[in-house]
Each structure stands twice: as structure tokens, then as C-alpha cells.
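Here are my notes on the model you sent over. Have it open alongside while you read.

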Amino acid sequence: MFSYIVRRIIQSIPVLLLVTLGAFAVIILVPGDPAQHMLGYNATPESLRILREQLGLDRPISQQFWEFFQGAVVGDFGESILKKEAVSIVVGERAIVSILLLGYSVFIALFVSLPIATVSALRRNRWPDHLLRFASMITFAMPSFWLGLLLALWFGLHLGWFPVGGYSDSNISSALYTLTLPAITIGLYLAPLLARSLRSSLIEELDRDYVDAARGRGFTETRVIGGHVLRNSLIATVTVLSLNVGYLLSGTVIVENVFAIPGLGTLIVDAVMQRDYPLIQALTLFFGVAVIITNLLADLSYAVLDPRIRLERKR
Amino acid sequence: MKYLLSHNSRSVGDRLIRRASADRRWSRFSLYLGLTIVGFISLAAILAPWIAPYGEREIDLLSTFQPPSFKHILGTDDMGRDVFSRVLYGVRLDLQVVLVITYAPLLIGMFLGAIAGYFGGWIDTVINRAIDTVMAIPFLVLVIVVVAIIGPGLEGVFIGVMGVGWALYARLARADMLVIREEQYILAAKGLGYSTWRILFKHAVPNLLRSSLVFSVADIVLNMVLLAGVSYLGLGVQPPTAELGVIIADGQPFLLYAWWITTLPGLVFVFLGIGFSLIGDGLADMLGEEFKLTV
């Protein structure tokens, strides 16, 4: 077990290094002079020189990378040009909002997809199942920003139940209140994916002998499904969720921009618009590391829950 | 197992057979319905320059914010441009771009995945690490970063998606190849002394196509959503060029009193997406694959 954990962690180190290299390369790959792009064409030569020095562009690339790497390890990415603050502080503040939004969305997605998937697995290839298939096609084909705008139009403008945009963090309930529409949008974006994977793992579990055994013992159907089948299927679904965290984050970036939520998604778009390269580098790395760590944790938790995994990989 | 346990196995068997043929009918229906939807919308998009009632950028300041009517089926926007005509041109552009950014990565990814799975060893390790790295960064974030490097526009979308999209197909092809590599007919081809490249491309790769093709249909929808999303953020296709994401973003400030600018083009988008999903679903059933929304 321990050796599996160590091996899995070692495996992700080259990927982490490559992602760091990729994030660093952003500023190198910019055609022309990044300092000029950032300050515009009316910048004085003096201010350009200072910015180049500040970004380290006057030093050789290998040294620049080494400095970036050293900074990345301790979370120091220099100062954001856009926010006039340390990049790490800006990213940290925004990350909390995004994480809250993500958690809320996943909760909604599970809330929607659990009953749907259960019904459609139990009524396989009958009308509830076809209905799920069709409903998931609709939400899958919906651009999340369009869905978000529709929800804002209906629940925000017409009914006035929720704010059309913005975020209030005075206390947790007002934060959740302002995040409700964005979370529903992301939740509906994620739900078809979850519902489909949950459906197929439920079907797989329902065919196992222990289900017949439990039924044979006279357990109620609620107990068989809720207590045994659903629990086993959820493990696989959580893995699917964590493997698709990139898909989820992409949706979050868009939806944050629709509802003007001050999270990482709006931050990265602002950073690109303002050509704030240190911020872009830090965010690229942050997103990459978040995905790698999520996948790592999912793999490890899966191995803890299911001994077959760690035994199989030992071979 | 279940078969033997049931009281009346014959009727269960009959029912299963009837169910199976109903499934086949459903999957054929799904495929044809999808082809009809996609065919109809694509045909309209291809013929846009001839059938669009107004020009893509034809401004008419005397008829701004007209609700849908016979004169303007989907209404007009803040500059009096006909939304229906813009949607036709938008779908035309979207479909062209999406076909390129879906099928070029399919070819590259299948090639790399096939090599990785077939040869194993250090080639496999290198390609696998590259896949992991590319997939570690969320797709949209990567496209945004590419845009940050080379500036807003379609080029950023092309480079970004080409740089990432292959990884999904490579992962699919690699996994299939690991199985195919051990099949009898490959061993037989090896025994006959065929060259490695002949075995790889004439015998193994055609068998990789199925799962990649089925996934590519879902990928078309994913790429459509991505392209529209990037353009919605103002980083992809630039206004005044018509593109569905651009049109929807254009209508956002006027959502309350000109709802049609945003909602109706989105509806066309969803129809097109459903059409592709129906094709994918039907195709997957017929080829005995599972239609997955992601890899």
C-alpha cells in the first residue's frame, strides 16, 4: 500500500515539472517584447527597462526558469501588474470563491443526477431511461453561458428570486445565495456526465450476485438499492468526477464570467485582456496543479477503498 | 445466471429478443433523426450566402430591436442586423472550424496513441507523460493561455485545440492498441514476417478507428461549446463576424427587453448539438461501443 502511494506520487512529478515548464514558457513564447505589450506603445524606454528587469527578461532563459521554479515552489510569482498586489495573494483570494462555487455545483449535480440515474438504471431501456438519454443530450449540447443567461433572465430578471450577477461574501448564507444561479448552471452542465456514468455503474452493480443474495434474504428494495448498490456505484462516480475536473473547471471559467463572480475564471480572462503575464503564469500553474492533485487524490482514495487496484498494479 | 433462475425462461427469452430488436430500432431511429437535424441545419448553413434574407453585417438603424416577425424570423439586434441571417452565417463558420479542430487532432492522436500502445517502452512513457501534461490543464484554460500568447482570434483557438485535442484520441487509441497488440491476427501477421509499419497501419489502426469515431461525435459537440465559449468571452472569433457565441454575447446587455437576440440563436445551437448527440448515440449502439461524453 505504502509503496503504491509513493510510486503514484513519483509518477506525477514529471507531469508537475512539465506543467511548470509550460506555465513558465507563456512569457517566452509571446512574440515580440512582453514588456511592450503590457505597457502599450506609448511607454517610455525607461519604464520598459524597469519592467523588463522586474520580470527578469534581461537575464538568460535558463536563469529565468530557475527563478520561476524557485518562486513556484514557495508560491512567489512576483507582483500582478493588474492588481498591484502579490500574485499569490490575488490568486488565493479568488480561489476561495471558485472552490466554494465548485463545491456547491457538484452538490447540485449529484442532487439532480442521483435520482435520475437510479430510476433509469432500474428501468433500463424503458421510457425513463430514454428520457434521461434525451435530457442529457439537451444539457450536454447547451453552451453553459447560454443556459446561465436563460436562468438569469428567468429567475433573476422576471421572477427576481436571485441576483443576476455579482457576489457578496459578507456571510456564508449571502455568499451561497449569490452563487445559487451560477451553481445551478454548472450543476446542470455537469449532471449529464455524472448521470450517465452513475447509470452504467449502477447497471454493472445490479448484475452482481450480492444483489440477488440481498434480495433473497428479503431485504426491502430501498435497502438493497440505497444501502448497497448505490454506495458501491458512487465510488466509481467520484472517480469519474475527479478525472473530469478539467471539464468542470472549464465550465466554471465561463459561468463565472456570465455572472461576474470574482473567482479564478474572471481573473484569468481579465489577466489575458490586460496582458498581465505573471498572473497568467501563476494561474496556468494553479489550474494544472489543482487537476494533478485531484487526480492523485482520487487514485489514492480509490486504492484505499478497493484493494484490487493496488494489487493489480503491483504486477 | 438470472436466466436459469427465472420461472419461465422461455418467455423471458422472448422478451429479451423483442427488447433487443426494439433497441436496434431505437438506435437506427436515433441515427436517422440526428442525421436529419444535422443535415438540415448544415445545408442551410452551407447555402447561407444564397438563402439568408439579409447580409451578415447588414446594419439597418431604422429597424433595431425588432421582435421576431415574418420580416425577421428571429428578430433584429441593437444595430438592426437580422439575427436569422447572422445565425446562418454563424453556424457556417462554427461547423467549418469545428470539423477541423475535431478531425485533425483525431488523426494526430490516433497515430501517437497507436505507436505508444504498440511499441511500449520509452516511446510509450514519453507519449503518456505528454498526454498527462496536456490533460492536466483544463482545456478552456489552455486555449485562453494560447490566446494570451498570440492574441485574440481564431488562430488561438486553432493552435490551442490542436495542441490539446490529440491527447484524448491518443489515450483512446493507446488503450485499444494494448488489447489489439495481443490479438491472434496481429501475431499471425508478425509470424508472416510483415513489416512493423504494415502491421501497424494496415492491420491494427483500422481497428482503432471505431472508438475514436464514436467519441469524435461527442467531441464535435464539446468543441462547438468550446469555440462558442471562447468567442463569448471575447477571446475567439471577433465581432462583427457572426458566430453563435458572439451573437449570444452581443444580445446579453439587452436581455430584458430584446430576449430573442440571446435565446433564439442558442436554441439553434442546442438543436445542432442534439442532432450530433443523436448521431453519436445511434452510431455507438450500432458499432457496439458505449457513447461516452468524455474520455
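1. Starting with the contacts in chain A: among those between residues at least 6 apart in sequence, 71% join residues at least 24 apart. Contact here means that the C-beta atoms of two residues, placed from the backbone, lie within 7 Å.

2. Some housekeeping. This is a predicted model, where local features need pLDDT of at least 70 and side-chain atom pairs count only at pLDDT 80 or more, while totals for chains, interfaces and linings use all residues. Residues are numbered from 1 along each chain as its sequence is written, and chains are lettered from A and ligands numbered from 1 in the order in which they are written.

3. Overall picture of chain A: there are 14 helices and two strands, counted as DSSP runs (H or I, at least four residues, for helices; E, at least two, for strands) and numbered from the N terminus. The C-alpha trace spans about 85 × 60 × 35 Å along its principal axes. Of the 315 residues in chain A, 40% are buried. The cut-offs: buried takes 20 or more other C-beta atoms within 10 Å of a residue's own, exposed takes 12 or fewer, and partly exposed is in between, with C-beta atoms placed from the backbone.

4. Have a look at α10(A), residues 221–243. Its 23 residues reach 31 Å from first C-alpha to last, close to the 33 Å expected (1.5 Å times one less than the number of residues). Even so, α10(A) bends by about 40° at Leu230(A); that is the angle between axes fitted to the seven residues ending there and the seven starting there.

5. Which residues of α10(A) are buried? They are Ile225(A), Val229(A), Ser233(A), Thr237(A) and Leu241(A). Their packing partners in chain A are α5 (87–122), α8 (172–206) and α9 (209–216).

6. Glu85(A) sits in strand β2 (residues 85–86) of chain A. Glu85(A) counts as exposed because 12 other C-beta atoms lie within 10 Å. Leaving out residues up to four places away in sequence, Glu85(A) touches Glu79(A), Ser80(A) and Val90(A). Gly22(A) is 63 residues from Glu85(A) in sequence and 24 Å away in space, C-alpha to C-alpha.

7. On to where the chains meet: the contact takes 43 residues from chain B and 43 residues from chain A. On the chain B side, α11(B) gives the largest share, 11 residues. By class, that side has 28 nonpolar, 10 polar and five charged residues. For the classes, Ala, Val, Leu, Ile, Met, Phe, Trp, Tyr, Cys and Pro count as nonpolar, Asp, Glu, Lys and Arg as charged, and the others, Gly among them, as polar.
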